[in-house]
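Open the model in your viewer and show it as a cartoon.

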Amino acid sequence: MSDKIPFGLDGAVIARIDWQLALKRIIHDLRSDFIYAPHIGFIYAKAGDELIQEVRSALSNGAYSPGLPITIEVPKSFRIQVAVNPVRLGPSFSRPGSILLPHDRLLYQVLADQAAPIVQMKTDHSRSFSHQLAALDNPAMFMPTRTCWSAWQSELARLSQEQGIKYILKIDVANYFGSLNLHTLINVLNDSGYASELLKRLETVLISYTSNRSSRGILQGMFPSDLFGNFYMEPIDRFLKDHGVLAARYVDDLYVFIESVEAAESLLRQLIPRLRSYDLVLNEAKCKIIPKNQLHSEEPDLQELFDEAVEEIREQLNDDDFDADYGFQSEWEEEEEEEDDEDELSLEATKQLFDSIGTYLGQEENIERFCLPLLAKAESDHALHRRYENCP
């Protein structure tokens, strides 16, 4: 069981924490929040020092009590198909998107920052490619998403050429972030060497964010959750490596390279119970076995659209200026206006990619995650026009 609240932290631990780095990371992370709350972002930008002092004081006095997150249902890009001729898309699925109030978000980020060096050391970077950590003092916390995704794609291509490989088993976990067992996550971090005092505090706050009703699920849409959520699968990476299985993973999207369909069946008999022991189950609708030559030939036209959009933005933006998967890219500042003479972004290739969203069923979320932040940064209403046009 986790400690009862309120709680505190030892003064020596508090003194070792880089509070300013945590604050900078939150400000950077705000751009990808599921909930647009500029009035809260204003606190980090204008009253960050006071916020740090309040959190430190509460922890020093043993009087810190975590609150509840603010959560809304966020529509997913993946939509139910309507079985008519021709097939059309129907209602969207949804997932919870949350933000924390400032005191809780600062502590959550601090706890993640303290875990980051351990996660970096314990992660098998030849198998796990999502949310690769940047330099430990980098406000962005992670390497650019496009860099991580590109490295994953390159590794998939390399593994498909390994001798004896004929098939690829594509594995997707159902409701991944909502299924994480928080006690299991704590055990994984404990086994990796995360300091016990910090571990107890992390367990307390994670469980409090579920309103103490369960020990399942981690908040989505924040740097700390990205860190812990990706690391949760580390034992699965290790399991596959110990069994000599070639695999590469991006969060919960796992590609396993096998010699035959029979080999896939044999592996799944071991892998499914292993996943279940971590409270994870497969998304049967998204799991499949494909011949290896289909890895890059399933949708070559879509890949070409992505490549053109990537090249377009590479010429206009650098990764430090912008890198986010979703959310809002604006910040609330007093009496500050965008410069009229600032170069406008030209995103014709990005718009073409977005317009293809109805052509490549099953790829809607990947396309939207790539395009929407870029269109938002360019202050383009192209996506809105497309959505209105496609409304029934």
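**Stop one: a helix crossing**

Helices α4 and α5 are roughly perpendicular to each other, because their axes cross at roughly 75° and angles of 65 to 115 degrees count as such. This is a predicted model. Select residues 48-60 for α4 and residues 102-122 for α5; their axes come within 10 Å. Now show the side chains at the contact. From α4, take L51, I52, E54, V55 and L59; from α5, take P102, H103, L106 and L107. These residues divide into 7 nonpolar, 1 polar and 1 charged.

**Stop two: helix α8**

Move to residues 182-192, helix α8. Which residues of α8 are buried? They are L182, T184, L185, I186, V188, L189 and S192. Their cover includes α5, α9 (196-208), α10 (223-231) and α11 (234-242). Next, check both ends. N181 caps the N-terminal end of α8, with a side-chain oxygen 2.9 Å from the backbone nitrogen of H183. After α8 comes G193, with a positive phi near 105°.

**Stop three: the sheet**

Select the 4 strands of the open sheet, ordered β4-β5-β3-β6 with antiparallel pairing. β4 (246-250) and β6 (288-291) stand at the edges with a single partner strand each, so one side of each has no neighbour in the sheet. On average, neighbouring strands are turned by 20° against each other, direction ignored. Zoom in on β3 (residues 167-172): 4 bridges join β3 to β6. Here K170 stands opposite K288 in β6.

How values were computed. Residues are numbered from 1 along each chain as its sequence is written. This is a predicted model: local features need pLDDT of at least 70, side-chain atom pairs count only at pLDDT 80 or more; totals for chains, interfaces and linings use all residues. Side-chain values use heavy atoms; hydrogens and water are left out. Axes are lines fitted to C-alpha atoms, for helices over the stretch in contact, and angles run from 0 to 180 degrees between N-to-C directions. Helices (H or I, at least four residues) and strands (E, at least two) are DSSP runs, numbered from the N terminus. Angles under 35 degrees count as roughly parallel, over 145 as roughly antiparallel, 65 to 115 as roughly perpendicular and the rest as oblique. Contact means heavy atoms within 4.5 Å. Ala, Val, Leu, Ile, Met, Phe, Trp, Tyr, Cys and Pro count as nonpolar, Asp, Glu, Lys and Arg as charged, and the others, Gly among them, as polar. Buried means under 20% relative accessible area, exposed over 50%, partly exposed in between (1.4 Å probe, protein chains only). A polar contact is a pair of N or O atoms within 3.5 Å; within protein, one must be able to donate a hydrogen and the other to accept it, and residues adjacent in sequence count only if both atoms are side-chain atoms. Two strands pair if DSSP finds at least two bridges between them.
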